[in-house]
Amino acid sequence: MVLTVRQVPSYLIRKGVFGKDDAIEVTPLGGGLLNHLFLARSGSKRVALKQAEGVMKFNRSIRFPKERVVTEYHALKAWRELGLKEAPEPLFLDRAEGVVCMAAVPQGYEPLIYDLLAAKVNLRVVRELGGIYGRLHSKSYQSQRLKLQFPISEAFRILKLDLYTHEYRDATPHRSIKKAMERNAKKLVRNRVCLIHGDALPKNVLVRGNRCFILDHEVSVFGDPAHDLALLLGSYYMAAMVNWPVRRRYYAAMRALLRAYQRNIRFKKLFPTILRNSLGYMPSLLFGRSRGKASAEFLDTKTREVMAMLADRIALGNYKIPQLLFRMLDKQTLLASNRPWKKEQLKGRLL
Ligand SMILES: Nc1ncnc2c1ncn2[C@@H]1O[C@H](COP(=O)(O)OP(=O)(O)O)[C@@H](O)[C@H]1O
Ligand SMILES: [Mg+2]
């Protein structure tokens, strides 16, 4: 049964989250492309409910297993057990209905992507993110228990491998890019180092001031830490294209992110390899957002072209540090007229 706003109160009373005499107010939460989300509150108690769809709303031919709410629930629990408070507290899992319920993030938090597209870059937030992901990766590093609990899931394969890496491999005419994407796909399945978020994009970060909450843990796997870094770095890099005149703010953010991450990991010797792999994983995100099924609708033609061109160049480049990526983007004067986007102007999929 697909839950509606009207059904949520009785459902949550049945689940024991609220009492039957509570006055429960329910609002649908926007943003989700694959799920039905609701916020329910009564008095000071506020919870979020997420019900999984079996197909994607932006492309109904893409199947997406409902088991992912099980992953999300267990990932939220794992974050708590690892001492990470930046994920919402899990409340219950209803496997039969494909529902996960968690504490709601306090009021006043907004998805970080809106700030990025509006050219607001807060280095404290970036450092916070580097710290959170560094601690997540470090605290779960080589845990045999988590390795068993978080296999490379079908959801991760569909959303991350098929939709980005395989799509780029199949679409590109360049043989060496095809080979690089084939290698990346193998690496993403084989490098099982620590618990990763799997969809570490700024749209899944809620921020208020310098504080962050990390949402949307449904493709969490015990996998390659470079994947989380790639999505974060890639998002700031794409935002630098969208806001090209102030691109240096995003470069500074990418450097700050890497420094904070490096400070917080205990496998410091692996850092150069993780950084290199993350730069290697970035092009499939750039391709996906400019040319793929998951492309960002608000982009104009020239920004889309630059994004696709840089995806190819980075995929061919095998870079070890981000500096050359900055220099390549500096030359794209075609983007000089780009302007920041306000939340209200944006439509469709974001970065
Ligand atoms: N625990 C929560 N508290 C407050 N808002 C939430 C919570 N979980 C989700 N949301 C809101 O719903 C949106 C979509 O949630 P998300 O888990 O990312 O779903 P999807 O997988 O569909 O993207 C978030 O961007 C956020 O605005
Ligand atoms: Mg999301």
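**Close-up views of a predicted model**

**View 1. Strands β1 and β2 pair side by side in this predicted model.** Four bridges join β1 to strand β2 (residues 35-42), and the pairing is antiparallel. Within this pair, V26 stands opposite A40 of β2. Strands of a sheet pair through backbone hydrogen bonds, either parallel or antiparallel.

**View 2. Five strands form an open sheet.** The strand order is β1-β2-β3-β5-β4. Pairing is antiparallel. β1 (25-28) and β4 (90-94) are the edge strands, and each of them pairs on one side only. On average, neighbouring strands are turned by 20° against each other, direction ignored.

**View 3. Helix α2 lies across part of the sheet.** The helix covers residues 68-81. It lies across β3 (45-52), β4 and β5 (99-103). Relative to β4, α2 runs at about 155°.

**View 4. The largest nonpolar core holds 104 residues.** L129, L233, Y236, Y237, A239, L257 and M282 touch the most other members. Helix α8 (residues 225-242) gives the most to this core, with 13 residues. Domain 1 (8-103) and domain 2 (110-345) each supply at least three residues to this core.

**View 5. Helix α8 is mostly covered.** Of its 18 residues, 18 are buried. The end C-alpha atoms of α8 are 26 Å apart.

**View 6. Helix α4 carries L129, one of its buried residues.** α4 covers residues 123-140. Its 18 residues should span 26 Å at 1.5 Å a residue, and its end C-alpha atoms are 26 Å apart, so the two values agree. The buried residues are V125, V126, L129, G130, I132, Y133, G134, L136, H137 and S140. An α-helix has 3.6 residues a turn, so residues three or four places apart point the same way. Beyond its neighbours within four places in sequence, L129 is in contact with V205, C212, L232 and L257. Just after α4, Q142 takes a positive phi of about 60°.

**View 7. M181 sits in helix α7 (residues 175-190).** Why does M181 count as buried? It has 27 other C-beta atoms within 10 Å, and the cut-off for a buried residue is 20 or more. Leaving out residues up to four places away in sequence, M181 touches T165, Y168, R169 and S284. M181 and P283 are 102 residues apart in sequence, yet their C-alpha atoms are 9.2 Å apart in space.

Note on methods: Residues numbered from 1 in each chain as written. Chains lettered and ligands numbered in written order. Predicted model: local features only at pLDDT ≥ 70, side-chain atom pairs only at ≥ 80, totals over all residues. Core = buried A, V, L, I, M, F, W, Y, C linked by C-beta atoms within 7 Å. Buried ≥ 20, exposed ≤ 12 C-beta atoms within 10 Å, placed from the backbone. Helix = DSSP H or I, 4+ residues; strand = E, 2+ residues; numbered from the N terminus. Domains from an automatic or database assignment. Contact = placed C-beta atoms within 7 Å. Expected span 1.5 Å × (residues − 1). Pairing = 2+ DSSP bridges. Axes fitted to C-alpha atoms, helices over the stretch in contact; angles between N-to-C directions.
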